[in-house]
Amino acid sequence: MEKPLIVTLKLDEPARTYFNTLREKYYPAHFNYVEAHLTLFHCLPAGERKIQEALSLFSKRGHIELNISSLANTLNGISYIICSPELQQVHAALQDAIKEHVKGKDKQELMPHITIQQKVTAFKAGLLYKTLSADFKSFVCMGTGFSTYLYDKRQWIHYADHDFNG
């Protein structure tokens, strides 16, 4: 069986460092297999050339502004919620460009977020939410490209990058 392809949005270096620091601190180490990320597609067929071609085509653009607008308590973890009409448009256009390969939850409207804690009790998530909410202020960072990974038994194996270059 072919390993599924995961597509993420690359973050600028300050955002990447910030979210990875939080994830390393709050995500249970025995479940933390990957760096902080913003997933665009969870399960695409890796062998489809059309997907890589679409990502390459859509990377001929400038950076995407991401407004980190709020925190969300998901009852078993914490995520930062992202508001970005531009990202929503790019995601919808990508969905359309590769529609014959998009299935399941990847067909839904994108709900962009970056998870920094997961797989904890509701009590722990509530405590962290209260702590992080106390001084939360929205901020802006940038999406700088697409990264793709093959998913294999909890491991994300880096496949390709498509940096924005427009």
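Let me begin with what I mean by a pocket: on a 1 Å grid over the protein atoms alone, a pocket is an open set of points with protein on both sides within 12 Å along at least five of seven lines, whereas a cavity is a set of points where a 1.4 Å probe fits but cannot get out, and lining residues are those with an atom within 4 Å of a point. Please keep in mind that this is a predicted model, in which local features need pLDDT of at least 70 and side-chain atom pairs count only at pLDDT 80 or more, while totals for chains, interfaces and linings use all residues. Residues are numbered from 1 along each chain as its sequence is written, and side-chain values use heavy atoms, with hydrogens and water left out.

I start with the second largest pocket, which is lined by 16 residues, and those nearest its centre are Arg 16, Glu 35, Ala 36, Ser 147 and Tyr 149. Its volume is about 270 Å³, a volume being the space filled by probe spheres set on grid points that are joined across faces, edges and corners. Strands S1, S6 (139–152) and S7 (155–163) each supply at least two of its lining residues, and S1 gives the most, with 4; strands here are DSSP runs (E, at least two residues), as helices are (H or I, at least four), numbered from the N terminus.

The largest pocket holds about 880 Å³ of space, and of the 33 residues lining it, the closest to its centre are His 37, Thr 39, His 42, Lys 105 and Gln 118. At least two lining residues come from each of S1 (4–11), S2 (38–45) and S5 (113–117), with S2 giving the most, namely 5 residues.

Turning to the helices, which residues of H1 are buried? They are Ala 15, Phe 19, Asn 20, Leu 22 and Arg 23, where buried means under 20% relative accessible area, exposed over 50%, and partly exposed in between (1.4 Å probe, protein chains only). Seen down the axis of H1, these buried residues fall within an arc of 160°, so they line one face of the helix, the arc being that of the directions from the helix axis to the C-beta atoms. Pro 14, Glu 24 and Lys 25, on the other side of H1, are exposed, while the buried residues pack against S1, S3 (64–73), S4 (78–83), S5 and S6.

Helix H4, residues 122–134, has end C-alpha atoms 18 Å apart, which agrees with the 18 Å that its 13 residues should span at 1.5 Å a residue, the expected span being 1.5 Å times one less than the number of residues. Ala 125, Leu 128 and Leu 132 are buried in H4, and because they fall within an arc of 65° when seen down its axis, they line one face of the helix. These buried residues pack against H1, S3, S4 and S5.

Finally, I come to two individual residues. Gln 117, in strand S5, is buried with a relative accessible area of 5%, and beyond its neighbours within four places in sequence, its contacts (heavy atoms within 4.5 Å) include Ala 125 and Leu 128. The C-alpha atoms of Gln 117 and Ile 78 are separated by 5.0 Å, although these residues lie 39 apart along the chain. His 91, in helix H3 (residues 85–97), is also buried, at 3%, and, not counting residues up to four places away in sequence, touches Leu 40, Phe 41, Asp 106, Gln 108 and Leu 110.
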